[in-house]
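Visitor: Could you take me through the aromatic rings of this protein, slowly and in some detail?

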Amino acid sequence: MSVSWFNQFYKEIAESPLSAWLESLPGQIATWQKEQLHGDFNKWVKLLGKLPKTEPSVINTKDKVEFGAADDVSEYTQKQIVGLLKQFMPWRKGPFNVHGIHIDTEWRSDWKWDRVQPHIQSLENRYVLDVGCGSGYHMWRMLGENAKMVVGADPSQLFLMQFQAIKHFNPDPRIHLLPVGAEQLPEKNAFDTVFSMGVLYHRKSPLDFLQQLKNQLRPGGELVLETLVVEGDENTVLMAGDRYAQMRNVWFLPSTDALCLWMTRLGFKHVRVVDLAKTTIEEQRATQWMDSQSLVDFLDPNDHTKTIEGYPAPLRAVIVAER
Ligand SMILES: C[S@@+](CC[C@H](N)C(=O)[O-])C[C@H]1O[C@@H](n2cnc3c(N)ncnc32)[C@H](O)[C@@H]1O
């Protein structure tokens, strides 16, 4: 089954600073589509096709992500939408509100946005990239700050489906999610702002990853990085063992000083830490839309300052810098 989501993106970027992406991206996406042969992809695309067409009376991306009021649809249609959206569980990043349906996600991603947004340059009229965007919650909030175009990159198939499910209710041509990793994106120095939140610690080679982010920025463009850190000086970096807070794919957790040093050595300018926050069990928790284990189960039950493996509990920093 083929999908036309990306054709619209190619049209949108033809006359933009991203036009050079057209040299290689369509081929990569075509290859990706051929690889999506297993059952889930086709099943999910079919489910997306069943979402009813509605006329949302509310479109809000400024203070939250809300498309449509409850009154816009019948009770039957509302139930139908709930039933379809629940099939895309687990919903991790959000919350989203669609026609009065509150998708209460595992994460209060809005809290992260509140920690980040006050410290960044205005997104008005900017080309914005969100690397590791998940289901796109923050992308909508970036659009709410009047970005000219928001492009997300995330290799997770489920997140792409969740993004398309939400976009169904507000098919705004300025927002697109591409199912590719940071390392696959054409490096054309095209973006005014690049975000990458919650991804650095998943990368085996964090310096290469930071360089990839830099190569997406135009000179003078802004990088907004959010990641797990540990306390310590510029020589402190925790390398996780088999698991960190039960996650298997965690590599390096630097101190903020070490991370700022990495970024300065890579040539970023004006590198600064603008926020430091402990992740609480109120910010990351099980809900009706993500009903398996969550942070409370990944911490030491007798001491919430430690993970279940005995590492320092999650502490997250926001770092801003320029190219
Ligand atoms: C913890 S989530 C963060 C989601 C969102 N940015 C946030 O802050 O809530 C990490 C995301 O990084 C994505 N990811 C993993 N490897 C990646 C890569 N090589 N390039 C881009 N994204 C990647 C995962 O699919 C996942 O959606």
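Guide: Let us begin with the term itself: rings of Phe, Tyr and Trp (for Trp, its six-membered ring) pair if their centres lie within 6.5 Å, and planes under 30 degrees apart count as stacked, over 60 as edge-to-face and the rest as tilted. This is a predicted model, in which local features need pLDDT of at least 70 and side-chain atom pairs count only at pLDDT 80 or more, while totals for chains, interfaces and linings use all residues. Residues are numbered from 1 along each chain as its sequence is written, and side-chain values use heavy atoms, with hydrogens and water left out.

One aromatic cluster is formed by Trp 5, Phe 6, Trp 32 and Phe 41. By the pairing rule, the count comes to 13 aromatic pairs. Among them, Trp 21 and Phe 191 are edge-to-face, with 5.5 Å from centre to centre and 65° between the planes. Trp 21 lies in the loop between helix H1 (5-13) and helix H2 (25-35), and Phe 191 in strand S10 (residues 191-197), so this pair ties together parts that are 170 residues apart in sequence; here helices (H or I, at least four residues) and strands (E, at least two) are DSSP runs, numbered from the N terminus. Trp 21 and Phe 191 are both buried, a word that stands for under 20% relative accessible area, with exposed over 50% and partly exposed in between (1.4 Å probe, protein chains only).

Another edge-to-face pair is made by Trp 91 and Trp 289, at 6.4 Å centre to centre and 85° between the planes. Trp 91 and Trp 289 are buried as well.
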